[in-house]
Amino acid sequence: MAIEAGKTGERTAKIRLGMVGGGQGAFIGGVHRMAARLDDHFDLVAGALSSTPEKSLASGRELGLDPARCYGAFEEMAEKEAARPDGIEAVSIVTPNHVHYPAAKAFLERGIHVICDKPLTSNLEDARKLKAVADKSSALFILTHNYTGYPMVRHARELALNGELGEIRIVQMEYPQDWLAEPIEQTGQKQAAWRTDPKQSGAGGSTGDIGTHAYNLGCFVSGLELDELAADVHTFVAGRKLDDNAHVMLRFKGGAKGMLWCSQVATGHENGLKLRVYGSRGGIEWTQADPNYLWFTRLGEPKQLITRAGAGAGTSAARVTRIPSGHPEGYLEAFATIYSEAAAAISAARSGTVVDPAVVYPTIDDGVKGVAFVEACIASSKQNGAWVKV
């Protein structure tokens, strides 16, 4: 069943949503809009959708927005929407990384909830400054590490946190792609251009774009906290300014070990996010390409295939499952789960009630950890793979 934003059996008024970025030609903005619509908790009413007033207005018209609420800059949007009696309650920030900090700050300071794409910011200094702003704000901050929304990822986390795996020993994360195997950023490809530009993306290329996803997923499921890492970060494509491949060894607090591989030049891989977690009593394996299935093995017993909405799937998976078993749910549904969790938290804040403890979403703290991971990878690689505290 889909996640309800209010109390059981009670539907609350839709949350008035704005968006920064995500205009014509953008990829992730459309994904956020679909995710926000899927469980019908949000109503998009305003936007600063592009870097120029003209493009923002044109993008807004395409989406059916009131032209008076299509703003030329996020600063104007934050100020004017905060002053309206029917102003936005939350904003989605779907810009390149370097805009996350100033945009999120502008809305948080006005008490408007922020739903922000990852990574949190383009550098650790801004990440820590944004956390300070968020901690002082009355508004919530939700980071869209959308892979944590998959039902079987939720079940994997339940197994780990309930001790079914025993003491966690090993966490392996990988996220290979091949879409940047050639220098397509030099052809004007919009998504490649900003993701390979350190002024917009930050210090990390593949480490920031997809490495942070893999890292967040491993920590989310295992419940572990990273202590230090050693990284070999490399750029294979000549002329590229940021990394396109990284191998990272991880040491977690408490003694567990990990490995993370992220690559955007791994020919033959489209979006190969995979997670393995091994403990003293059992192990699990999940892959994003087949997200409705989770392999679980108890020590000394045959492997079990647990399916979404099937026998053995736990309560944490069930509460974010929308359709019966055998009907696949995928990327958009997982993304929508983050929006529905955000809606539940925002609705609780709106009514002054305590949010259901089952509600889980990535926070500002997860965002800071992700940016710290990226900067530690770069620092370690510059020291020939030396161990660096995170």
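**Strands, helices and a surface patch**

Mentor: Gly283 stands opposite Thr297 in strand E12. Keep in mind that this is a predicted model.

Trainee: How many bridges join E11 to E12, and do they run parallel or antiparallel?

Mentor: Strands E11 (residues 282–287) and E12 (residues 293–298) are joined by 4 bridges and run antiparallel.

Trainee: What holds strands together in general?

Mentor: Strands of a sheet pair through backbone hydrogen bonds.

Trainee: What is the strand order in the open sheet?

Mentor: The open sheet has 9 strands in the order E13-E12-E11-E10-E6-E9-E8-E7-E14, and the pairing is mixed. Its edge strands, E13 (304–307) and E14 (388–389), each pair on one side only.

Trainee: Which strands does helix H6 touch?

Mentor: H6 (residues 151–161) packs on the sheet and touches E11, E12 and E13. The direction of H6 makes about 20° with that of E12.

Trainee: And which strands does H12 touch?

Mentor: Helix H12 (residues 364–382) also packs on the sheet, touching E7, E8, E9 and E14. Its direction makes about 60° with that of E7.

Trainee: New topic. Which residues make the nonpolar surface patch?

Mentor: Met249, Met259 and Trp387 make that patch, which is about 290 Å². Met249 lies in strand E8.

Trainee: Last one: how many residues of H4 are buried?

Mentor: In helix H4 (residues 100–108), 7 of the 9 residues are buried, among them Tyr101 and Phe107. The buried residues pack against several elements, including helix H3 (74–83) and helix H5 (124–136).

Note on methods
Residues are numbered from 1 along each chain as its sequence is written. This is a predicted model: local features need pLDDT of at least 70, side-chain atom pairs count only at pLDDT 80 or more; totals for chains, interfaces and linings use all residues. Side-chain values use heavy atoms; hydrogens and water are left out. Buried means under 20% relative accessible area, exposed over 50%, partly exposed in between (1.4 Å probe, protein chains only). Helices (H or I, at least four residues) and strands (E, at least two) are DSSP runs, numbered from the N terminus. Contact means heavy atoms within 4.5 Å. Patches are made of residues with over 30% relative accessible area and no salt bridge: like charges are joined within 9 Å, nonpolar side chains (Val, Leu, Ile, Met, Phe, Trp, Tyr) within 5 Å. Accessible areas come from the Shrake-Rupley method with a 1.4 Å probe; for residues, only the protein chains shown count as cover. A salt bridge is a side-chain nitrogen of Lys or Arg within 4 Å of a carboxyl oxygen of Asp or Glu. Two strands pair if DSSP finds at least two bridges between them. Axes are lines fitted to C-alpha atoms, for helices over the stretch in contact, and angles run from 0 to 180 degrees between N-to-C directions.
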